[in-house]
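Here is a guided walk through one protein model. Keep the sequence and the 3D view side by side as you read.

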Amino acid sequence: MPEAAHTSNSEEWKQQIIALEDEAARAFLARDISRLDRLFSDELIINSPINRVNDKRKVLELLANGVIGHVQCDLRHEVFRRDGDLIIVMGSDVVRNAPGDQPLLRRVTNIWRKEGDDWKLYIRHATIVGPSQETGPHQ
């Protein structure tokens, strides 16, 4: 397995990615465009749950204009796999688009790529599975 090739620092890179995933979620909730600009690769592509593929520029524009956004996002990481300068994270999240909205359960895949000294979100896919039966943090 790719992770086995990185046994000496596997927990270190995994913890870095967990922190970056949490930071990106907080920045998205806060509509912190400058922080997301730094976390996202310039080559980012996202297959979004609104059935469109967007690049970094378009995602930041949609967020800045209020077209997309969330008021809640609870992440659950299920699988981490490292293959050289790529890290694949699979799991799910529960999001609310507005206060009082029904929470939505989504399956997500994020691919982070090492660019220079930093990990950047390179590819993301999120698919709505359906309404979530959960009302608290997704665990």
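Buried residues make up 39% of the 139 residues in this protein. Buried means under 20% relative accessible area, exposed means over 50%, and partly exposed lies in between (1.4 Å probe, protein chains only). The model is predicted: local features need pLDDT of at least 70, side-chain atom pairs count only at pLDDT 80 or more, and totals for chains, interfaces and linings use all residues. Residues are numbered from 1 along each chain as its sequence is written, and side-chain values use heavy atoms, with hydrogens and water left out.

The accessible surface comes to about 7,800 Å². Carbon and sulfur atoms hold 50% of that surface. Such areas come from the Shrake-Rupley method with a 1.4 Å probe; for residues, only the protein chains shown count as cover.

Now the parts list. The protein has three helices and six strands. Helices (H or I, at least four residues) and strands (E, at least two) are DSSP runs, numbered from the N terminus. Along the sequence the pattern reads α-α-β-β-α-β-β-β-β.

The six strands form an open sheet with mixed pairing, in the order S2-S1-S6-S5-S4-S3. Two strands pair if DSSP finds at least two bridges between them. Strand S2 (53-55) and strand S3 (72-83) stand at the edges with a single partner strand each, so one side of each has no neighbour in the sheet. On average, neighbouring strands are turned by 15° against each other, direction ignored. Axes are lines fitted to C-alpha atoms, for helices over the stretch in contact, and angles run from 0 to 180 degrees between N-to-C directions.

S3 and S4 run antiparallel over eleven bridges. Gln72 stands opposite Arg96 in S4. Two residues lie between the strands of this hairpin, and there Gly84 takes a positive phi near 65°. Strand S4 (residues 86-96) also pairs with strand S5 (residues 104-115), antiparallel over ten bridges. Here Ile88 stands opposite Ile111 in S5, and Met90 stands opposite Thr109 in S5. Helix H3 (residues 56-64) packs on the sheet and touches strand S1 (40-47) and S2. The direction of H3 makes about 95° with that of S2. S4 is mostly covered, with eight of its eleven residues buried.

Asn54 is found in S2, and Asn54 is buried at 10% relative accessible area. Not counting residues up to four places away in sequence, Asn54 touches Leu44, Ile45, Ile46, Ser48, Val59 and Leu62. Contact means heavy atoms within 4.5 Å.

What does the largest nonpolar core contain? It has 20 residues. Those with the most contacts inside it are Ile17, Leu36, Phe40, Ile87 and Trp112. Helix H1 (10-29), helix H2 (33-39), S1, H3, S4 and strand S6 (118-131) each give two or more residues to this core. The largest share, six residues, comes from H1. A nonpolar core is a set of buried Ala, Val, Leu, Ile, Met, Phe, Trp, Tyr and Cys residues joined through side-chain atoms within 4.5 Å. Leaving aside its neighbours within four places in sequence, Leu36 is in contact with Ala24, Ala27, Phe28, Leu60 and Leu63.

Among contacts between residues at least 6 apart in sequence, 52% join residues at least 24 apart. Arg38 lies in helix H2 and is partly exposed at 46% relative accessible area. Arg38 and Trp119 are 81 residues apart in sequence, yet 10.0 Å apart in space, C-alpha to C-alpha.

Last come the charges. A salt bridge is a side-chain nitrogen of Lys or Arg within 4 Å of a carboxyl oxygen of Asp or Glu. The count by this rule is twelve salt bridges. In one of them, Glu11 meets Lys14 (3.9 Å, N to O). These two are three residues apart in helix H1, so about one helical turn separates them. Glu11 is partly exposed at 46% relative accessibility, whereas Lys14 is buried at 15%.

Arg113 and Glu43 also meet in a salt bridge (3.4 Å, N to O). Arg113 lies in S5 and Glu43 in S1, so the pair ties together parts that are 70 residues apart in sequence. Arg113 is buried, with a relative accessible area of 19%. Arg113 forms a salt bridge with Glu115 too, with the closest N and O atoms 2.9 Å apart. Glu115 is partly exposed at 24% relative accessibility. Salt bridges that share partners join Asp37, Asp42 and Lys56 into one network.
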